[in-house]
Amino acid sequence: MRAWCRITAVGVVAAVMMLALGSSPSMAQSRAHVYLLRGLLNIFSLGMDTLAAELNKRGVYATVHNHTEWQGLANQAAANYKAGKEGPIIIIGHSLGADAAMEMANYLGARGVPVALVVPFDGTQSLSAGKNVQRVLNLTQRDYAYMRRGAGFQGTLTNVDVRSDPNIDHLNIDKSPRLHGRVISEVLAVVGGHRMAAPDAPKPASVRAPAASGETDGAKASPSGEGSAKPEATPAAPAAPTAPATPAKSGDGAMNSTAPMRPVADSGTPIIALPETRGAPASSAAPATPPRKPIVAAPHPVTASQIAE
């Protein structure tokens with residue numbers, strides 16, 4: 001009887017301990033972590049800081065680092081992931097930080113740690129994604145910096161070439177509001193409920209990429225929220241004909257595109273938008289016919305007899 005009581009007591013104690021551990025912070029749901037890596041000298045990639053601030057506002061834990069720190073960050077991420085504290089893991093970088101983002105993802109793969117999303121902003125070389133990476137969204141304006149599938153890679157890889165946008169170059173691609181909007185949407189889709197506990201912060205909302213200059217969202221509503229009736233048109237003198245407007249640019253550019261950036265085939269080969277073709281010049285008008293000179297009849301010759309008269 002005493003042995004049975006001891007077994008029962010041990011069982012009760014074990015159940016209580018399991019409940020206590022289950023409710024402890026160490027066993028709670030893991031938190032997503034977005035690592036953002038700057039490029040050279042920490043002064044050319046400040047768009048990473050802006051992007052991190054936007055993510056933190058939405059309850060996504062994001063930290064910014066120099067690209068040279070990637071290996072130490074990877075070791076820390078691997079330990080936190082295996083302890084159940086961190087995940088999913090997302091890595092974003094610009095320039096040399098973009099290269100480091102790919103290297104960090106592959107380094108984590110060698111340690112059995114999955115990476116949910118890698119976003120290189122205009123890296124300096126073409127690198128391959130390992131089998132532990134679920135998605136690569138490569139934003140670049142260099143054809144030699146397309147990312148490739150590595151051995152065993154079964155995720156999705158998208159190379160988005162924005163070189164058709166004259167407003168985008170290597171030094172500002174990481175600061176593009178349009179590209180930031182797309183990246184934030186991708187991150188939120190991956191993170192799901194793995195966000196920071198922020199009771200005083202507003203509820204995270206999905207992001208829409210901000211419209212660039214030249215883009216329109218359709219007619220704006222009146223201040224009352226209702227459309228107002230158009231006044232009756234007053235007859236006016238016909239206006240002089242004007243030249244047809246130049247079509248808006250509709251390429252894969254990050255800032256001035258009027259169409260969303262097209263998804264690229266999963267092969268990783270991007271569709272590069274060509275410059276918009278201008279309309280054919282209007283045909284030159286035929287030269288005006290010069291006015292004809294009036295024909296004057298020649299006077300009749302006067303004879304000597306007519307003079308005598």
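**Strand 3**

I began with strand 3 and its cover. In this predicted model, strand 3 is mostly covered, with eight of its nine residues buried. I noted its range as residues 86-94.

I then looked for its partners. Strand 1 pairs with strand 3 in the parallel sense, over six bridges. I looked up two of the residue pairs: His33 stands opposite Ile89 in strand 3, and Leu37 has Gly93 as its bridge partner there. Strand 3 is also joined to strand 4 by five bridges, and these two strands run parallel. Here I found Ile91 opposite Val118 in strand 4.

I followed the chain onward from strand 3. Strand 3, helix 4 and strand 4 make up a β-α-β unit, and I recorded it as right-handed.

**Ser95**

Where does Ser95 lie? I found Ser95 in the loop between strand 3 and helix 4. I checked its cover next. The relative accessible area of Ser95 is 10%, which is under 20%, so Ser95 counts as buried.

I listed what Ser95 touches, leaving aside neighbours within four places in sequence. Its contacts are Phe121, Asp122, Gly123, Thr124 and His170.

Six strands form an open sheet, in the order 2-1-3-4-6-8, with parallel pairing. Strand 2 and strand 8 (156-161) stand at the edges with a single partner strand each, so one side of each has no neighbour in the sheet. From one strand to the next, I noted an average twist of 15°.

How many residues of strand 2 are buried? I counted four of its five residues, 62-66, as buried, so the strand is mostly covered. Strand 1 (residues 31-38) runs parallel to strand 2 and is joined to it by five bridges. One pair I looked up is Arg38, which stands opposite Asn66 in strand 2.

**Helix 3 against helix 4**

At what angle do helix 3 and helix 4 pack? I noted about 40° for helix 3 (residues 70-82) and helix 4 (residues 96-110), with the axes 9 Å apart. The crossing of helix 3 and helix 4 is right-handed.

I wrote down the residues on each side. Helix 3 brings Trp70, Gln71, Leu73, Ala74, Asn75, Ala77 and Ala78 to the contact. Helix 4 meets them with Ala100, Glu103, Met104, Tyr107 and Leu108. Sorted by kind, the residues of this contact are nine nonpolar, two polar and one charged.

**Trp70**

Trp70 is found in helix 3. Buried or exposed? With a relative accessible area of 17%, under the 20% limit, Trp70 counts as buried.

With neighbours within four places in sequence left aside, Trp70 is in contact with Leu37, Ala100, Glu103, Met104 and Tyr107.

**The whole chain**

I ended with the overall tally. The protein chain has six helices and eight strands. Read along the sequence, they follow the pattern α-β-α-β-α-β-α-β-β-β-β-β-α-α. The chain has 309 residues, and 37% of them count as buried.

How much of the contact total comes from residues 24 or more positions apart? Among the contacts with a separation of 6 or more, I noted 64% for such residues.

Conventions
Residues numbered from 1 in each chain as written. Predicted model: local features only at pLDDT ≥ 70, side-chain atom pairs only at ≥ 80, totals over all residues. Heavy atoms only, no water. Axes fitted to C-alpha atoms, helices over the stretch in contact; angles between N-to-C directions. Left-handed = near helix turned anticlockwise from the far one by under 90°. Contact = heavy atoms within 4.5 Å. Nonpolar A, V, L, I, M, F, W, Y, C, P; charged D, E, K, R; others polar. Buried < 20%, exposed > 50% of the residue type's maximum accessible area, 1.4 Å probe, protein only. Pairing = 2+ DSSP bridges. Right-handed = clockwise from strand over helix to strand, strands pointing away.
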